[in-house]
Structure formats: C-alpha cells, structure tokens
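Please find below a colleague's note on the structure shown here. The points run from the overall fold to a single side chain.

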Amino acid sequence: MTKLDELFRFSQNALNLHAYRQQLIASNIANADTPGYKARDIDFAAALKTAEAAQDKAQPGLRKPDGAPAGAEVLYRSAVQRSLDGNSVDLDVERAQF
C-alpha cells in the first residue's frame, strides 16, 4: 500500500490545492460588491512545488491552522481597475481564473 500511496500523493496534493483555490475564487465572486474586499488567490504552480517538496516530510493532505493545504500561501490580487469603494474584485478576471 505504501507504493500505491506514494503514486497518488501528487494527485491528492494537486486536487487539494485546486479545491482550495476554487474556494478562494468563489469567495472573491461572492464578495464582488463588498466594500473594501481584496481579491485573494494562490500561486498554484509555486504551491504545488512546495507541496511536492514537503510530501516526504508531512502527511499528505496536511492543512495549516487556517484550513489551507500545506504549501498554499494566500496572496492578494492587484486591482485591474480601481473602484471607489476599495474592492479589488474584477468579475471578468475571476470568471477566467475559475
């Protein structure tokens, strides 16, 4: 079973990161009209590399205290077009990322 677990660990890490990113993007879309809300995302490629490097040290599917998968650093997306209320969500960008 250990060989089988190692074989699917990459897929498990990738799916965990993808699901977490989809949650962040869905949260951005849901808060598109919230004043002062800053759009959040993760650098998927960098997070996946970090998760791969740490897979020998940690349990697969390990999560940080904030609920994010190991290796996922939440970043704030720059506003494409400034808004008066300070919200940085651009629905076209969010739809494309989703």
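The numbered points that follow concern a predicted model.

1. Overall fold. The protein contains three helices and two strands. Along the sequence these elements follow the order α-β-α-β-α.

2. Contacts across the sequence. Among contacts in the protein with a separation of 6 or more, 72% join residues 24 or more positions apart.

3. Burial and surface. Of the 98 residues in the protein, 28% are buried. The accessible surface amounts to about 6,600 Å², and carbon and sulfur atoms contribute 54% of this area.

4. Packing of H1 and H2. Helix H1, spanning residues 2-30, packs with helix H2, spanning residues 44-54, at an angle of about 145°. Their axes lie 10 Å apart, and the crossing is right-handed. From H1, the contact is made by Phe10, Asn13, Ala14, Leu17, His18 and Arg21; from H2, by Phe44, Ala47, Leu48, Ala51 and Glu52. By class, the residues of this contact comprise seven nonpolar, two polar and two charged.

5. Glutamate 94. Which residues does glutamate 94 contact, once its neighbours within four places in sequence are left aside? They are Ile25, Asn28, Ile29, Ala39, Arg77 and Val89.

Key: Residues are numbered from 1 along each chain as its sequence is written. This is a predicted model: local features need pLDDT of at least 70, side-chain atom pairs count only at pLDDT 80 or more; totals for chains, interfaces and linings use all residues. Side-chain values use heavy atoms; hydrogens and water are left out. Helices (H or I, at least four residues) and strands (E, at least two) are DSSP runs, numbered from the N terminus. Buried means under 20% relative accessible area, exposed over 50%, partly exposed in between (1.4 Å probe, protein chains only). Contact means heavy atoms within 4.5 Å. Accessible areas come from the Shrake-Rupley method with a 1.4 Å probe; for residues, only the protein chains shown count as cover. Axes are lines fitted to C-alpha atoms, for helices over the stretch in contact, and angles run from 0 to 180 degrees between N-to-C directions. A crossing is left-handed if the near helix is turned anticlockwise from the far one by less than a right angle, and right-handed if clockwise. Ala, Val, Leu, Ile, Met, Phe, Trp, Tyr, Cys and Pro count as nonpolar, Asp, Glu, Lys and Arg as charged, and the others, Gly among them, as polar.
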